[in-house]
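Open the model in your viewer and keep the selection tool at hand.

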Amino acid sequence: MAGKDPYQVLGVSRDASDAQIKKAFRKLARQYHPDRNEGSESAEARFKEVQAAYDAIGTAEARRKHQQEQMFGGFSGSGGNPFGGRGGFGGGGMEDILSQMFGGGMGGMGGGQRQRSAPRPPQERGQNATAWLDLTKEEASKGGSFNITYTQLIPGTHGSINRNKRTLKVNVKPDSKHGKEIRLKDQGHGHPRGMNGDLIVKIRVDPGEGCRWDGNRVVKEIEVTYSTLLLGGKVTVTLPDGVKGKITIPPLSQVGDRQRVRDVDIEFVLSEIEELDDYQNDALRALKDVGL
């Protein structure tokens with residue numbers, strides 16, 4: 001997913017049901033499928049992105065795995081250490097243990113010559129944890145204190161992992177932007193032989209109804225008929241702030257093409273047709289006969 005939030009890609013809430021996620025996926029997959037957008041690289045890229053998002057959260061098991069990966073800060077679970085550092089629960093050899101116990105190497109126990117102790121290594125830290133703070137535009141502009149809930153992983157006995165659900169208060173500065181990160185020291189995942197990592201709180205500002213974030217850009221999809229895509233024309237768009245206006249679709253436009261309006265990327269998608277009347281059927285057959 002290259003760091004993209006699958007919930008945002010599919011346009012669903014984090015508490016969406018299996019049915020809601022599947023419905024959103026089917027709509028987007030049908031819209032951007034290569035068979036319906038022949039030759040459009042942007043539509044193909046979007047289709048792959050939608051497929052990857054569904055793979056990540058399409059089932060309860062997939063969502064559980066996705067949540068675990070987010071908790072571990074990218075830890076894959078194969079041969080690594082979710083708590084960071086160099087050795088997990090292990091340590092050095094017997095000489096290192098004796099050195100720690102007696103303040104020096106083995107020669108300091110009776111050889112008559114005291115060895116200088118090795119410099120202490122830097123204290124190890126657990127992995128950083130990540131949490132998302134969803135704000136409206138008004139909340140992000142005004143700032144204030146907001147509660148976040150996340151899961152902190154703490155090493156237990158015999159290699160076990162304790163999952164502590166925590167709620168913290170986060171102070172957000174006025175005029176905070178989407179994607180801003182707030183670091184809370186020592187509030188991340190624990191380490192069996194060191195300090196906790198940090199908690200990284202990422203601000204996610206609601207882009208508005210019918211919109212999504214693509215990196216730092218707000219994208220709003222508008223449905224365009226196939227004839228308008230090919231021949232060009234004007235369509236009415238409503239921006240997230242409620243302002244309405246007409247934009248011009250250039251001839252021979254493709255699904256996935258975008259046009260910048262103010263601070264919003266207007267993305268062209270193909271209108272969904274539920275049924276055709278006789279006149280439209282005849283017209284389409286005529287177009288088919290001439291190669292369109």
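**Stop 1: Ala140**

Select Ala140: at 3% relative accessibility it counts as buried, a class that means under 20% relative accessible area, with exposed over 50% and partly exposed in between (1.4 Å probe, protein chains only). This is a predicted model, so local features need pLDDT of at least 70 and side-chain atom pairs count only at pLDDT 80 or more, while totals for chains, interfaces and linings use all residues. Residues are numbered from 1 along each chain as its sequence is written, and side-chain values use heavy atoms, with hydrogens and water left out.

Ala140 sits in helix H6 (residues 137-142). Helices (H or I, at least four residues) and strands (E, at least two) are DSSP runs, numbered from the N terminus. Now show what surrounds Ala140. Beyond its neighbours within four places in sequence, Ala140 is in contact with Leu135, Lys173, Pro174, Asp175, Ser176 and Val205; contact means heavy atoms within 4.5 Å.

**Stop 2: the aromatic pair**

How many aromatic pairs does a search of the whole structure find? One. Select Phe25 and Tyr54: they are stacked, 4.3 Å centre to centre with 15° between the planes. Rings of Phe, Tyr and Trp (its six-membered ring) pair if their centres lie within 6.5 Å; planes under 30 degrees apart count as stacked, over 60 as edge-to-face and the rest as tilted. The pair links distant parts of the chain, with Phe25 in helix H2 (residues 18-32) and Tyr54 in helix H3 (residues 41-57), 29 residues apart. Phe25 counts as buried at 13% relative accessibility, and Tyr54 counts as buried at 17%.

**Stop 3**

Next, Leu10. The largest nonpolar core has 53 residues, and Leu10, Leu199, Ile247 and Ile266 touch the most other members. H3 gives this core its largest share, seven residues. Such a core is a set of buried Ala, Val, Leu, Ile, Met, Phe, Trp, Tyr and Cys residues joined through side-chain atoms within 4.5 Å.

**Stop 4: Ile273**

Buried or exposed: which is Ile273? At 55% relative accessibility, Ile273 counts as exposed. Find Ile273 in the loop between strand S11 (264-270) and helix H8 (278-289).

**Last view**

Zoom out. The protein has eight helices and 11 strands. Buried residues make up 35% of its 292 residues.
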